[in-house]
Amino acid sequence: MSATFYEAGYEHHVEVIHQRDGEARRRLDSLEVMLYDEGGALLGAPRVDPAQDVLDLGALVRATTSATERVMVVFDARYAESIFPYRPHHYAYLHRAGSPAAPLYYAINAVLGGVPDRVGATNINNFETYVFRRGPFAQRYSLLLGCLAHFVPVQAQVFTYYGSRRVAQEITLEPKCHAEVALAAEHEGEPLARVEVKALFRLLSYVVGRRADTGDLVLFDHLFTYAK
Amino acid sequence: MLLCYCTMLTVGELRAACRSGRWPLPGKENTGKLCTACVGDLLYCLRRFGVDASC
């Protein structure tokens, strides 16, 4: 089960199956899409064709809900293990309509089921980090976090690093809730260098950067597990 | 309802296994240990189904 966030005003297209083999494009057995608001309320579950290559999230969200706030979009993809050697990856294209900012292309975050048992992986993936590079223009940074649990809330700690200083924030997300956690670009004169998320259980997580002047997204990426 | 997408364990299977004293089911031993996203739900369900989840 993978998920991302949709914000109004953006072209946001999801390539449902990124992998292809030499003979044919692979297909999902089924694909369910669910939309949740920040408080965890289900906004809708639009029917989608699992054979469709690219989903237009803007059209999907607008056809399902009149909500204009950020929406968590959850993809529940089922597939034949005999066809896919690994869980199919979804990739996405993101660009604010009319913006001079470059388009963004990112891998959609796998949350539940990101490590199929047959693969045999043993790395933990609920400790994540991201190292920032200095952008060519002022940016506002934040984390977008979402909870895909069914029954219980998830606690997380967010640590930001500025030179030798560390700033901690704590957050608790109820099932299907999501939040944007602002990250100060500077602290005591030092620029933001790194962010870590330590969650009790794996959360949906993206690090985002927005242009300070226009608010356009210039960074939208998943974090990286650092405990190998 | 699928509880663990890594081992494909459903809540119904977990409930039945707990009630018959057969948890962990063969092939489902890694539930909660892989992507970790379902650990909270797994512990919650085990407690609800009367299994000591502390060990």
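In what order do the 5 strands of the open sheet in chain A with β13 and β20 run? The order is β13-β12-β17-β10-β20, with antiparallel pairing. Strands here are DSSP runs of E with at least two residues, helices are runs of H or I with at least four, and both are numbered from the N terminus. Two strands count as paired if DSSP finds at least two bridges between them. β13 (165-173) and β20 (224-225) of chain A stand at the edges with a single partner strand each, so one side of each has no neighbour in the sheet. Between β12(A) and β13(A) there are 9 bridges in the antiparallel sense. One residue pair involving β13(A) is A:Q155 with its bridge partner A:T172.

The model is predicted: local features need pLDDT of at least 70, side-chain atom pairs count only at pLDDT 80 or more, and totals for chains, interfaces and linings use all residues. Residues are numbered from 1 along each chain as its sequence is written, while chains are lettered from A and ligands numbered from 1 in the order in which they are written.

Chain A as a whole has 1 helix and 20 strands. Of its 228 residues, 36% count as buried; a residue is buried if 20 or more other C-beta atoms lie within 10 Å of its own, exposed if 12 or fewer, and partly exposed in between, with C-beta atoms placed from the backbone. Two residues are in contact if their C-beta atoms, placed from the backbone, lie within 7 Å. Among contacts in chain A between residues at least 6 apart in sequence, 71% join residues at least 24 apart.

A second open sheet of chain A has 4 strands in the order β5-β2-β7-β8, again with antiparallel pairing. Its edge strands are β5 (54-56) and β8, each of which pairs on one side only. From one strand to the next the twist averages 20°; axes for such angles are lines fitted to C-alpha atoms, for helices over the stretch in contact, and angles run from 0 to 180 degrees between N-to-C directions. Going through the sheet, strand β2 (residues 10-15) of chain A is joined to β5(A) by 3 bridges, and A:V14 stands opposite A:L55 in β5(A). β2(A) is joined to β7(A) by 6 bridges, with A:Y91 in β7(A) as the bridge partner of A:E15. A further 4 bridges join β7(A) to β8(A), where A:Y91 stands opposite A:A107. β7(A) has a covered face made of A:A92, A:L94 and A:R96, and an uncovered one made of A:Y91, A:Y93 and A:H95.

The domain assignment of chain A gives domain 1 (2-117) and domain 2 (127-225); such bounds come from an automatic or database domain assignment. The C-alpha centres of the two domains lie 21 Å apart. In the contact between them, 18 residues of domain 1 of chain A meet 20 residues of domain 2 of chain A. On the domain 1 side, β1 (2-6), β6, β7 (91-96) and β8 (104-107) of chain A each supply at least two residues. The largest share of that side, 3 residues, comes from β8(A). By class, the domain 1 side has 12 nonpolar, 4 polar and 2 charged residues; Ala, Val, Leu, Ile, Met, Phe, Trp, Tyr, Cys and Pro count as nonpolar, Asp, Glu, Lys and Arg as charged, and the others, Gly among them, as polar.

Leaving aside neighbours within four places in sequence, A:L203 is in contact with A:L145, A:G146, A:C147, A:V154, A:A156, A:L173 and A:V197.

The contact between the chains takes 21 residues from chain A and 14 residues from chain B. The chain A side divides into 14 nonpolar, 5 polar and 2 charged residues. In helix α2 (residues 39-48) of chain B, B:V39, B:G40, B:D41, B:L42 and B:C45 are buried. Their cover includes β12 (154-162) of chain A together with β1 (2-4) and α1 (11-19) of chain B. Just after α2(B), B:G50 takes a positive phi of about 80°.
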